[in-house]
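Please read them with the structure open beside you.

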Amino acid sequence: MTSYLAEHAWLPSGVVRDVRILVDDSRITAIDGETSRRPGDVPVAGLVLPGFANTHSHAFHRALRGRTHDGSATAADTFWSWRQAMYAIAGRLDPDSYLALATATFAEMALAGVTSVGEFHYLHHARGGLRYADPNAMGQALIQAADQAGIRITLLDSCYLTGGLTSDGPIPLSGEQLRFGDGSVDAWAERVSALRDGERVRIGAAIHSVRAVPAEAIPVVAAAGANRALHMHLSEQPVENEQCLAAYGTTPTALLHQYGALGVGRTAVHATHLTDGDITVLGDTGTGISMSPTTERDLADGIGPARRLLDAGSPITLGSDQHAVIDLLEEARALEMDERLASGRRVRFTPAELVEALTAAGQRSLGWEDAGMILPGSRADLVAIRLDSTRTAGSAAEQAILAATAAEVHTVIADGRVIVRDGAHVLGDVGRLLAEAIAPLWE
């Protein structure tokens, strides 16, 4: 039994000062508020929050940070030109190099307060689509990486069958996309069926997008995602909407709804370019929304209708996607600031709503129903941020998440295990691990 005495703690009732949090093994066993220090207490300075959930990650994209900003791809640099650099990196990875890169990337997430990651996994096979001896070798590398970094993983194994969409229908995979495909939706389902849940592992499913999964395959993926996390890219770019309208005569949201992919416990990623009808459908079905504001601005995707979606009935969660930044506090702040820019109004999301997106809502979207809150019986996930740094000094504890960054995270406890202490990860120098994993990919 460990007794943590938090200077401030974000409890379901709000921020409370001087809170004793008792942890036994991987669970919180008791909360004792309004109390003084006792022998054996481990003091935790600042504000203690529940563990953050990163609901949308592509671990291998971390190798692109700082490499795609000079405009050399094309005179009109867009998401689609950035994608070519992403394909190039995908072509250089194997299970060993993926393990090294993902371990370092997940450790960087831990430093930012992440205790669970939803890894949207489509880099399945070897170059040319050849199978490894273990067809799930790349997925297993991701699972091992999360374990080494000390965080939980929901492996959102993505079905990816086609290379795009035209008015004549889907087009075949080609080039590096061949690594992503299984040949058929049934072959995808058979491969995924060999993966197993664990105490700190959940196997989920993903529909990469309506560009990559033909309409007739959507129900099979949706069925495979029954009773587990099911995520899908949705309307990230206007071109996706145009292609879907040309091929199917409807929006991506309406198509996914028609084929049974939406609903409570399912999560649409980005949801940037939606019609009024799309927002109504997503809200009425209770479909969650994972937004990654730092990626959406980096790729010039646009600003999604987050406030309208939440008001319609869609829970909002947060991800770091392509990892231009790994800072979930920045994602939360960006969600609010983008809304301010788009609406011309302040306080579009309250601090409590942002914390909900960071923690409980995010954990639920990844299948961790017993995480995301500081209360007895929950997983012992605790994230402490400084309130005395140059960024947070003078901030009210209740509003500190609008001032803090990942640099303020000084302690992270995941399932009762301390994985970040005094701002340092248990694996050591994470910057060095990242450099050693990424440099060979650019040689």
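1. In these notes, buried means under 20% relative accessible area, exposed means over 50%, and partly exposed lies in between, with a 1.4 Å probe and protein chains only. The model is a predicted one: local features need pLDDT of at least 70, side-chain atom pairs count only at pLDDT 80 or more, and totals for chains, interfaces and linings use all residues. Residues are numbered from 1 along each chain as its sequence is written, and side-chain values use heavy atoms, with hydrogens and water left out.

2. Cysteines. A disulfide is a covalent bond between the sulfur atoms of two cysteines. With a disulfide taken as a pair of cysteine sulfur atoms within 2.5 Å, the count is zero. Cys159 is in no disulfide, and its nearest cysteine sulfur, that of Cys244, is 16 Å away. Cys244 is likewise in no disulfide, the nearest cysteine sulfur being that of Cys159 at 16 Å. Cys159 is buried, at a relative accessible area of 0%; Cys244 also counts as buried, at 0% relative accessibility.

3. The sheet. Strands (E, at least two residues) are DSSP runs numbered from the N terminus, and two strands pair if DSSP finds at least two bridges between them. Eight strands make an open sheet of mixed pairing, ordered β3-β2-β1-β4-β15-β16-β17-β18. Its edges are β3 (27-32) and β18 (424-425), each of which pairs on one side only.

4. Strand β1. This strand (residues 2-11) is largely enclosed by the rest of the structure, because eight of its ten residues are buried. Nine bridges join β1 to β2 in the antiparallel sense, and the two form a hairpin with two residues between them. β1 also pairs with β4 (residues 42-50), here parallel, over five bridges. Tyr4 has Ile21 as its bridge partner in β2 and stands opposite Val42 in β4.

5. Strand β2. Residues 14-24 form β2, which runs antiparallel to β3 and is joined to it by five bridges. Asp24 stands opposite Arg27 of β3.

6. Arg266. Arg266 is buried yet has no salt bridge, and the nearest side chain of opposite charge, Glu369, is 12 Å away. A salt bridge here is a side-chain nitrogen of Lys or Arg within 4 Å of a carboxyl oxygen of Asp or Glu. A polar atom of the Arg266 side chain does lie 3.1 Å from the backbone oxygen of Ala222.

Definitions and conventions: Helices (H or I, at least four residues) and strands (E, at least two) are DSSP runs, numbered from the N terminus. Lys and Arg count as positive and Asp and Glu as negative; His and the chain ends are not counted. A polar contact is a pair of N or O atoms within 3.5 Å; within protein, one must be able to donate a hydrogen and the other to accept it, and residues adjacent in sequence count only if both atoms are side-chain atoms.
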